[in-house]
Amino acid sequence: MQTLRLNPVAKRNSAARLLLLAAPLLFSVAVLSVSGCKSNVAPAADVWAVVNGKEIKRDEVEKYYRTRISPEGQEPSQEEALSLQLNVIDELINNEILLERAKKLNLEASDGEVEDKFTGIKSPYTEDEFQRQLKDRGVTVADLKDTLRRELSIQKLINREVVSKVTISDQDINDFYNANKAQFNVAEPQYRIAQIVVTPRKEPQIRNRKNDDATNEAETQRKVKMLVDRLNSGADFAQLAMDYSEDMNSAATGGDLGYVPESALNQSDPALKKLVLGLKAGQVSQPIVLKDSVRILKLVTREAPGLRGLSDPQVQQTIRDTLRNRKEQLLRAAYLAVARDESRVTNYLAQQVLESNGKLPTATKGSLPSRPVVPQN
């Protein structure tokens, strides 16, 4: 076989052709290198995270942060404030990822849905009360509607992608009951109680929907009489509790205290125990004056001791709700994990905190918001 040999001139021409052929490739590599450098450019100082190209800015984080701290509570340390802000950023990142998915699936809440939800939130208040609520929280009507649109859109997404896929069979319920019979063995009589509480002093935090607070004995008497009159006129106990009860732990649930065992009643005020034991299921009590408050009670239901069988509709519903919540939380967590894995997320505040070894990053010094100023009435 004859070997092909190139003379010096041919070698030079061949090398030149190779360089020409390689030129586009070299140019592409150069462009990619420049592009890579540009993507690493530090963001503006007020950008604290980026999700799929969308910036989450400091003022947005601070706005939500202010709703998480108590106006009357102790001022958080800078480290505590940063930790809470990191939690807020993480929530905003998750919300942005889910909102993008909702939009892609045409599940974004409509203007009508937002207005309906807004009206429902506003309806328990007068206009002045509602504006005061917004001012106390440092938000505007536009802020609230934006939040409602996001929440409704994400809920529509979760309902379609998660909730609709949760199924609980009769066998699931039967298996849970057989494995957890001890939970359904009532050892002593139990009383499911709801309450409306009125106190003759100013409460540091009021969580009822009307922001209503009696501050002295005269106001307490007027308020209790108003509540009794409304109850006698057929008003819903739970709605009145949400609107007016001054117990911050139960007002949001319509005054519901859940099931109270008789042994717990034995440790309460004797007059309170006597009142509860004298009520029939569904009955509302007359106001009872205790040492620190006036209370109106409702006995929702009474349970005798003994094993509650699987044939009990309430037992079945309790098990079904428990299993549904478990599966829904599991699928929701898995769905969010996959969605985050498929997203491009950069948390600049977290990077700064880590790089500063837990110290307050320079970029955030002086920018941490103080607690909101609550106007005095």
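Which residue meets E303 in a salt bridge? The side chain of R308 does, with an N to O distance of 3.3 Å. Here a salt bridge is a side-chain nitrogen of Lys or Arg within 4 Å of a carboxyl oxygen of Asp or Glu. R308 and E303 are both buried, where buried means under 20% relative accessible area, exposed means over 50%, and partly exposed lies in between (1.4 Å probe, protein chains only).

## Basis of the model

This is a predicted model, in which local features need pLDDT of at least 70 and side-chain atom pairs count only at pLDDT 80 or more, while totals for chains, interfaces and linings use all residues. Residues are numbered from 1 along each chain as its sequence is written, and side-chain values use heavy atoms, with hydrogens and water left out.

Helices (H or I, at least four residues) and strands (E, at least two) are DSSP runs numbered from the N terminus. Two strands pair if DSSP finds at least two bridges between them.

## Salt bridges

The count of salt bridges comes to 19. One of them joins R192 to D256, with the closest N and O atoms 2.6 Å apart. This pair links distant parts of the chain, since R192 is in strand β4 and D256 is in strand β5 (residues 256-261), 64 residues apart. R192 counts as partly exposed because its relative accessibility is 27%, and D256 counts as partly exposed at 25%.

R209 forms a salt bridge with D243, and the closest N and O atoms are 2.9 Å apart. R209 lies in the loop between β4 and α8 (217-232) and D243 in helix α9 (residues 237-244), so the pair ties together parts that are 34 residues apart in sequence. R209 is partly exposed, with a relative accessible area of 25%, whereas D243 counts as buried at 11% relative accessibility. Elsewhere, a network of salt bridges links D212, K223 and E246.

## Strands around β7

Strand β7 (residues 294-303) runs antiparallel to strand β4 (residues 190-198), and nine bridges join the two. Within β4, I196 stands opposite I296 of β7.

Strand β6 (residues 288-289) is also antiparallel to β7, joined by two bridges. The bridge partner of I288 in β7 is R295. Four residues lie between β6 and β7, which form a hairpin.

## The three-stranded sheet

Strands in the order β2-β1-β9 form an open sheet of three strands with antiparallel pairing. Its edge strands, β2 (54-57) and β9 (345-347), each pair on one side only. Neighbouring strands are turned by 20 degrees against each other on average, direction ignored. Axes are lines fitted to C-alpha atoms, for helices over the stretch in contact, and angles run from 0 to 180 degrees between N-to-C directions.

Four bridges join β2 to strand β1 (residues 47-51), and V47 stands opposite K57 in β2. Helix α2 (residues 58-66) lies across β1 and β2, at about 50 degrees to β2. Helix α13 packs on the sheet, touching β1 and β9, and its direction makes about 45 degrees with that of β9. Contact means heavy atoms within 4.5 Å.

## Helices α3 and α13

The axes of helix α3 (residues 78-104) and helix α13 (residues 348-355) come within 10 Å and cross at roughly 145 degrees. In this contact, L82, Q85, L86 and I89 of α3 meet L349, A350 and V353 of α13.
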